[in-house]
Amino acid sequence: LQASGVDTVFSLLSALAYPTFVGAAEVVGFDPQWLSSDFEIQVFNSSAKFMESVGGSYDGAIGFSYQIDDTSPDDYGQACNDTFSEITGITYTFGTDSDAWLNTRSQCQAVDLIVAALNKAMEQYGVINQATIILAMETLDPTLGSIPGSWGPGKHDGADSGVLKTWHKDCLCWSMIEESITPDLGV
């Protein structure tokens, strides 16, 4: 990559392997603009800590994420986290344990949407199978917190938004580039 004059690298490595690659580049003096995404579980504050050993080279990396940085917990997410805490005895605090809190909210939504799709498939089609579940899912609203979403016959990913974030070595964290939120959600 270095010999070919590459100046930007978009990683498709997992969050665990990525620091090794960045470290190898650092050793040979290869210093491109690093790009990351949620697709490899890279643009989360929990996985941001994996890059500590290569912070000097990785500082200023740009990441694409579906996660809009909410400033306060939403009612659905808080109720889900409260139920999780009551059942497990484990409490995640919004803002302190954000990745865990958000993941818990996301998993609750995933289960709730699957249950809703199963019920709708049975009600509407009289049978539950892959086809009827997919058809039912296409009618549900996957909006989560401030992340708008939609599904339909031509769209099977939930999020309707995206944002760029920058990685910082001083906090081992990602910060949102607010003017990059698409669409403009007024966050």
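Me: What makes the span of α5 close to the expected one?

Reply: Helix α5 has 28 residues and reaches 39 Å from its first C-alpha to its last, which is close to the 40 Å expected at 1.5 Å a residue, the expected span being 1.5 Å times one less than the number of residues. Helices here are DSSP runs of H or I with at least four residues, and strands are runs of E with at least two, numbered from the N terminus. The model is a predicted one, in which local features need pLDDT of at least 70 and side-chain atom pairs count only at pLDDT 80 or more, whereas totals for chains, interfaces and linings use all residues. Residues are numbered from 1 along each chain as its sequence is written, and side-chain values use heavy atoms, with hydrogens and water left out.

Me: Which residues of α5 are buried, and what covers them?

Reply: The buried residues of α5 are Asp99, Trp101, Leu102, Thr104, Arg105, Gln109, Leu113, Ala117 and Ala121, where buried means under 20% relative accessible area, exposed means over 50%, and partly exposed lies in between (1.4 Å probe, protein chains only). Their cover includes α2 (45-48), α4 and α6 (130-137), and α5 itself is followed by Gly126, whose phi is positive, near 75°.

Me: Why is the pair of Arg105 and Asp74 called a salt bridge?

Reply: The term requires a side-chain nitrogen of Lys or Arg within 4 Å of a carboxyl oxygen of Asp or Glu. The closest N and O atoms of Arg105 and Asp74 are 2.4 Å apart, so the pair meets the cut-off. A search of the whole structure finds one salt bridge. Arg105 lies in α5 (residues 98-125) and Asp74 in the loop between β3 (62-65) and α4 (75-88), so the pair ties together parts that are 31 residues apart in sequence. Both Arg105 and Asp74 are buried.

Me: How do you know whether Ser11 is buried or exposed?

Reply: Ser11, in the loop between β1 (8-10) and α1 (18-27), has 3% relative accessibility and therefore counts as buried. A polar atom of its side chain lies 3.0 Å from the backbone nitrogen of Leu13; a polar contact is a pair of N or O atoms within 3.5 Å, where, within protein, one must be able to donate a hydrogen and the other to accept it, and residues adjacent in sequence count only if both atoms are side-chain atoms. Leaving aside neighbours within four places in sequence, Ser11 is in contact, meaning heavy atoms within 4.5 Å, with Tyr18, Leu35, Glu40 and Gln42.

Me: What about Thr132, and what makes it buried or exposed?

Reply: Thr132 lies in helix α6 and, at 6% relative accessibility, counts as buried. A polar atom of the Thr132 side chain lies 2.9 Å from the backbone oxygen of Val127. Beyond four places in sequence, Thr132 is in contact with Ala121, Tyr125 and Val127.

Me: What makes a set of residues a nonpolar core?

Reply: The set must consist of buried Ala, Val, Leu, Ile, Met, Phe, Trp, Tyr and Cys residues joined through side-chain atoms within 4.5 Å. The largest such core has 15 residues, and those with the most contacts inside it are Val22, Trp34, Met51, Tyr58, Trp167 and Trp174. Its largest share, three residues, comes from α1. A second, separate core of six residues includes Ala117, Ala121, Leu140 and Trp151.
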